[in-house]
Amino acid sequence: MHESPAICWSYGRTLGNIAVYSQSILGNFPGNAGTDAVLPCDIVSAGKFRHGVNRWWCRTHQVYWGTKADIESYSRIGKMICANHDQKMNYVVDPFELDPSDHYQVGIWCSMPAALSSRKMEKRTPKIHVHVREKAGEHKTVDGDYDAISVRNNQNLELFGKSKISLINITPPAAFEFVQALELGRETDCVNCSTCGYPHLDLGDFGITPHKKHFCANCGYDSTWSKEKIISTPLKPLHDSFLKNAQFVEPNRSVNLDECQGCTYNIWASTPAIVWKADRPQEKGIHVHVHDGKSRIIDDTYSEVILGGQKLVRAELFQKMVEQTII
């Protein structure tokens, strides 16, 4: 047994936790990363059901405790375990940690599968892509994909009101939902629970349709209302706090892939950054990799890309990336 920082998440949820008060999570982790972590229930009081019975909430597995089946289980084993207690979860032990305040330029994106490729494409889960530069014009000191990352919250930012949250965990589901919201113009904000003060994260169906009533994943209460219909995510204040340049520009570049005979290619729609700490605007276009069998000969973003005699449409490519993503 030893203590290490870890990030855990599950796909298919409609809400979840994204920030942690402690850097350590108690659980059984078979390796440094995987999809088979077993975590104990973390059950807290959540008021009462409508028929007056005490209601409890499992913060780990995101489900209420207190049904007849739960009570029968408790009488047999003498322990409160929720209905999802054996759910396997994704995890990263000792995740990559970053404080954007410590670096000159930082970019964080949701990495999705290519929209088009010369090779057979397989669907995959999202990852978190990170760029870091220490000085303008210099080579990136960080350039890679991660399963999940922790962003250190400088307390001077006060991102979540009075909540003393030291780390913001960027998980693939949260990143995926937020980038779609940015791309498609969905109304986002971050509402803190009126009961426990915890920042609220909408996922799944709740991450698609803005709404006023919000259900807290931390305490299980559903008494928080936003003034307007929104999709709530702690990534919104993180995004806004480091955004130096909110502009997007189309690059004045074009490429005809039909001229790259014998080469392989991958094509993505560029996506808005979750964190963009740079003075220059973000490029909005179509990103292309071309490999000649020995090295990558093209790695750039274009406003016009021709393939098979046709101009590719960025919005259509973005939708294909979403369809190729497992979440």
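Predicted model: local features only at pLDDT ≥ 70, side-chain atom pairs only at ≥ 80, totals over all residues.
## Cysteines and an open sheet

The sulfur of C82 lies 3.6 Å from the closest cysteine sulfur, in C41, which is too far for a bond. A disulfide here is a pair of cysteine sulfur atoms within 2.5 Å. By this rule the count comes to 0 disulfides.

Residues are numbered from 1 along each chain as its sequence is written, and side-chain values use heavy atoms, with hydrogens and water left out.

Are C82 and C190 buried or exposed? The table gives the values. Buried means under 20% relative accessible area, exposed over 50%, and partly exposed in between (1.4 Å probe, protein chains only).

| Cysteine | Relative accessible area | Class |
|---|---|---|
| C82 | 2% | buried |
| C190 | 18% | buried |

Now the sheet. Four strands form an open sheet in the order β12-β11-β9-β21. Their pairing is antiparallel. The edges are β12 (142–146) and β21 (275–277), each pairing on one side only. Neighbouring strands are turned by 15° against each other on average, direction ignored. Axes for such angles are lines fitted to C-alpha atoms, and angles run from 0 to 180 degrees between N-to-C directions.

Strands are DSSP runs of E, at least two residues, numbered from the N terminus. Two strands pair if DSSP finds at least two bridges between them. Strand β9 (residues 105–111) is joined to β21 by 3 bridges, and they run antiparallel. In β21, K277 is the bridge partner of V106.
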